[in-house]
Amino acid sequence: MSSPKILPSQIFLHQALLALLLKKPLGKITVRELCEKAGINRTTFYHHYERPIDILYEIIQQFADSAFPEDITPDSFQLYIVSLLSKMETHLALSRTLLQTLPSAYLSEYILHLPQVDCYLSKSLSAFSTSILKESIQSFLIAGSVQLISDWLLQDTRCSPQEEADLILHLCKKFLAA
């Protein structure tokens with residue numbers, strides 16, 4: 001996955017948005033104050049984005065693109081989860097800010113619904129008879145994993161990324177074996 005080059009003005013906007021998110025919710029951040037904080041004019045903002053949330057989506061996409069391998073196999077899926085958790089722990093302040101700004105969307109849509117994860121889970125669910133049942137089980141497993149990761153991120157004292165990945169995968173395998 002390659003992402004387009006990020007210009008300095010976009011980096012300033014990323015930093016400004018993250019700083020403002022520590023003080024107020026995304027819906028209360030105006031383009032004017034974002035541009036003032038970033039030290040750029042509104043024309044530059046509108047050259048790259050339509051709304052402040054577009055910056056947030058770009059930050060999340062960059063995070064996801066930098067963290068994960070292209071192909072996930074049953075043998076590498078645990079490494080994928082450990083990589084995800086390690087990256088989140090390394091960037092704990094960013095992860096917590098994103099989690100509080102876009103609680104389930106951040107993890108579910110942008111991290112756990114990557115094509116590689118969907119493909120892996122689809123293969124793991126091949127024993128189930130209908131596509132509706134497969135989609136329901138996949139949604140359930142992702143929602144449960146999102147909750148476990150959210151709780152883990154918000155704890156001041158947490159287990160290692162490896163231990164948390166082991167727990168998530170153990171519970172998923174138990175559910176699929178039942």
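**Ground rules.** I number residues from 1 along each chain as its sequence is written. In this predicted model, local features need pLDDT of at least 70 and side-chain atom pairs pLDDT 80 or more, while totals for chains, interfaces and linings use all residues, and side-chain values use heavy atoms, without hydrogens and water.

**Helices 9 and 10.** I looked up how helix 9 (residues 131–154) packs on helix 10 (residues 161–177): the angle is about 155°, with the axes 11 Å apart. Helices are DSSP runs of H or I, at least four residues, numbered from the N terminus. Axes are lines fitted to C-alpha atoms over the stretch in contact, with angles from 0 to 180 degrees between N-to-C directions. Helix 9 is therefore roughly antiparallel to helix 10 (over 145 degrees). Contact means heavy atoms within 4.5 Å. On helix 9 I list Ile137, Phe140 and Trp152 among the contact residues; on helix 10, they include Pro161, Glu164 and Phe175. The classes are 13 nonpolar, 1 polar and 1 charged (nonpolar: Ala, Val, Leu, Ile, Met, Phe, Trp, Tyr, Cys and Pro; charged: Asp, Glu, Lys and Arg; polar: the others, Gly among them).

**Helices 1 and 2.** I find that the axes of helix 1 and helix 2 (residues 31–38) come within 8 Å and cross at roughly 115°. Phe12 and Leu13 of helix 1 are among the contact residues, as are Glu33 and Lys37 of helix 2. I note 8 nonpolar, no polar and 2 charged residues in this contact.

**Lining.** Last, I checked the largest pocket: Ile11, His14, Phe63 and Lys87 are among its lining residues (a pocket is an open set of 1 Å grid points over the protein atoms alone, where a 1.4 Å probe fits, with protein on both sides within 12 Å along at least five of seven lines; lining residues have an atom within 4 Å of a point). Helix 1 (8–21) and helix 4 (52–67) each supply at least two lining residues.

Conventions. Angles under 35 degrees count as roughly parallel, over 145 as roughly antiparallel, 65 to 115 as roughly perpendicular and the rest as oblique.
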